[in-house]
Amino acid sequence: MLFKYLMAKNEDIPPGTATIYFGFSSIFWFIIGTGLGSFNAAKLAFPDFVTGTELFAFGHMRQVHVLAVILGWISMAFAMTMMYMTPALGNTKLWSEKLGLWTAFLWNVGLSLGLFLLWLGFTSGREYSDLIWPIDLVIMFGVLVPLGINVWMTIAHRRTQGIYITNWFFGACIFMVWVVFLVGQSAELFNLTGLTEGYLTFWFAHNVLGLWITPVAAAIAYYTIPKLTGNPLYSHRIGHLHFWAIIAFYSTPASHHLLSAPLPEWLKSFASVEGVLILIPAIAFVANILLTMKGRWSMFVENVEIKFSVTGVLLAIPLNMQGGFQQTRAINWYVHGTGWIVAHAHLALLGMSSFLEIAAVYFGLQQMLRRKLYSLALANFHYWFVIIGFCIYWISMTIAGLIQGAGKIYEVPYIDVVVAEHPYMIARWIGGTMVFTGNLVWLYNMYMTAVEGTVVPKGRYAHELAYER
Amino acid sequence: MAFQSYKFGSAGVGLMLGFSMTITLFLPSWDFRSAESTWVGLDKSLSNGRVIGWSYEDPLVRGEGKPITVILDKDPKTGEEFDPAIRVYVYKPGTPFAAVINHPDNLGPTVKSLSISKGKIDQVNKAQGAVFTINYADVNGEEWAYVENATVTRGWTPDLILNSTDDSQHKYVGKGKTVYITEGCWWCHTLLPEQTQDWQVFGWPPYVGDMNGEMPTVFGSDRKAPDLLHVASRNSSREWMMLHFFNPRLVQPNSIMPRFDYLWGKVDANGNPIDFAKWRKEYDEYRRGLRPYPPEVPEYAPDTEIRALIDWILTSLK
């Protein structure tokens, strides 16, 4: 399907092709990412599991897991949602279906190449910016630039008077991720060294989360929840409070990741204070969405997309409560660098963000394929495996982190901490494997939807139809 | 239709992002520029070379194009003995110079002026290579470390230094740190003791000037293992390191560190092939109680990655 349309005229490509291609690609990368996560977790629980080969060593696999999830699953799911939400909200067509397809194609090729090289050990040695700079340039100019052009041109060609909050987020976040990506990688491009490099690494790591992964996920919920429930968004104005608070406050706390590094103290204090202000956009977002659900809470049980979406929104509550406070000096000294942070990172990416994207991918694929979901039972299986697996992971790593923190302050020999963490490492592996299993089922379900799902009649939505299986 | 109707909003995004970038990027850059390099910073930068990780000079990330750190106990020109021995950083012809040599601003203002006026680092020539060392000068009653281009000041050429010393004095520090990066050691170990409590166990946290010219800094963020910034001060045994890397469970039964036996390559120090399958089989027998001792760990050959890695740890992480 893809190769046929890559060379076709834009007018000849059916609307939704880019969405479908991005959607299946993102699910594929989700499976790769969670599969690697499960494999890595097994190695932490049982260090002699697959041993003695360079390529399957933990240090060669860990970063591939992280980047497969961030750049493959989450960012591709974002692109997928932009391909169908932006035109839908502007009452228009995607500006260029062909550009969308090329973006998806270059994205898959570039990311496969980058992760393969990373796996072999071709790395810049900078966390979250591990990819070598030629690959960074491919991602910037082969992926982020065309994606941005497509989204902005679609918004510019909209046939509605206003710009809905989701499109505000999409347009602004793509611009910000360009800036963040280029500034973050500038250390490699211009050989900036020392403390500047260390700071830029975490400046990028923070901002890619704060200005890309979490706000775009929230923007998706601003679309899916009103769309599926049929309720209008509770307040567009509170939505804009969320938007402007993110831009103003959450673009600044990068150095709270480096509170124990010799950065200027004024910078760290400023970052910590700004970091607490994440509670403003967070509360605005959660309240807005939950109030939108008013009168339609039965859908939380009955509708699988709402189930995923609302779970993601509910997970945003502990996420931001942890996030706002754990980065203050008063708490950070205890949990910094421990499993607590690992748990928190998974709460953000696998919990809040992924759940919102899963719902949007479910919804978008059904809409664009014009097919009703193949099996609700399999979708529920997917939901419960991901949520239970995630909870096992999150709880076990939080406990492990608290043990590690206690070990740190009471000067326990490190090996005793390793021994104490062992049961939680096994639990983490079980949780991660459940998530991976659920995603395999998801891919099967979506594939069956594409080939055997009930055809959705023109003018109807997939979720309005009854399941046949 | 277009963005014109949203002039205020679009300008607002630009303004707010610009404001936060002023605070988080522009203002700190003044602090970073004023950071004066310490001895640790000079030592790291000079021993690591231009950049660690993938680069023009090291496209396969094998630690190519890195200087050699030599522990020098005697001046090869004058015969003067150094006690304690000093460190010199040998850049063979063609080896790219460290960031602090290419861009002396990385040294900080005072160290830069000392390194140029006294250290002559502006008189380097890549085609001929160079030998650097770290010297001290008195500025307003305080001792400052600065880089000295010993090729100019003392006539030490790369060949002279390498030929007047033996292999045990050569430390492949830059190559060793490359191994640390490519093997992903930093996914579990940090190089950043925390300022609050962990200095009691893991040593003092780094000073502001300890990172000048270093690329990458690999602080690490997710600690699943001890901090390594000062590990060689706690344990300086090459033998222990060797056993620990070959199979960490030999010296620490509860360790979850992976085995790094593959860093030994194909042959041992005597040129005999290493039979990894046999070693693992015998180790498994030992683990099940069928042998009283584990099998012997093979001595590594001098040009292996494991040698470079241990060189880096024992030389740099003090």
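The model is predicted, so local features need pLDDT of at least 70 and side-chain atom pairs count only at pLDDT 80 or more, while totals for chains, interfaces and linings use all residues. Residues are numbered from 1 along each chain as its sequence is written, and chains are lettered from A and ligands numbered from 1 in the order in which they are written. Helices (H or I, at least four residues) and strands (E, at least two) are DSSP runs, numbered from the N terminus.

**Confidence in chain A**

- Chain A has a mean pLDDT of 95, and 100% of its residues reach 70 or more; pLDDT is the predictor's confidence in each residue, from 0 to 100.
- Where pLDDT is low, the predicted coordinates should not be read in detail.

**Packing of H3(A) with H6(A)**

- Helix H3 (residues 58-90) and helix H6 (residues 165-189) of chain A have axes that come within 9 Å and cross at roughly 130°; axes are lines fitted to C-alpha atoms, for helices over the stretch in contact, and angles run from 0 to 180 degrees between N-to-C directions.
- H3(A) and H6(A) are therefore oblique to each other; angles under 35 degrees count as roughly parallel, over 145 as roughly antiparallel, 65 to 115 as roughly perpendicular and the rest as oblique.
- On the H3(A) side, Met82(A), Met85(A), Thr86(A), Leu89(A) and Gly90(A) meet Thr166(A), Asn167(A) and Phe170(A) of H6(A), where contact requires C-beta atoms, placed from the backbone, within 7 Å.
- The residues of this contact of H3(A) with H6(A) comprise 4 nonpolar, 4 polar and no charged; Ala, Val, Leu, Ile, Met, Phe, Trp, Tyr, Cys and Pro count as nonpolar, Asp, Glu, Lys and Arg as charged, and the others, Gly among them, as polar.

**Packing of H8(A) with H10(A)**

- The axes of H8(A) and H10(A) lie 8 Å apart, at an angle of about 155°.
- That angle makes H8(A) roughly antiparallel to H10(A).
- Residues of H8(A) that meet H10(A) include Ile238(A), His242(A) and Phe249(A), and their counterparts in H10(A) include Ile280(A), Phe285(A) and Asn288(A).
- The contact of H8(A) with H10(A) divides into 10 nonpolar, 3 polar and no charged residues.

**Contact between chains A and B**

- Chain A gives 60 residues to the contact and chain B gives 66 residues.
- Elements giving two or more residues to the side of chain A that touches chain B include H3, H6, helix H7 (194-229) and helix H16 (414-452).
- H7(A) supplies the largest share of that side, 7 residues.
- The side of chain A that touches chain B has 31 nonpolar, 22 polar and 7 charged residues.

**Chain B**

- Chain B has 12 helices and 5 strands, and its C-alpha atoms fill a box of roughly 80 × 65 × 40 Å along the principal axes.
- Of the 318 residues in chain B, 45% are buried (20 or more other C-beta atoms within 10 Å of the residue's own; exposed if 12 or fewer, partly exposed in between; C-beta atoms placed from the backbone).

**Gly401(A)**

- Gly401(A) lies in helix H15 of chain A and is buried, with 23 other C-beta atoms within 10 Å.
- Beyond residues up to four places away in sequence, Gly401(A) touches residues including Val335(A), Trp340(A) and Ala343(A).

Conventions: Contact = placed C-beta atoms within 7 Å.
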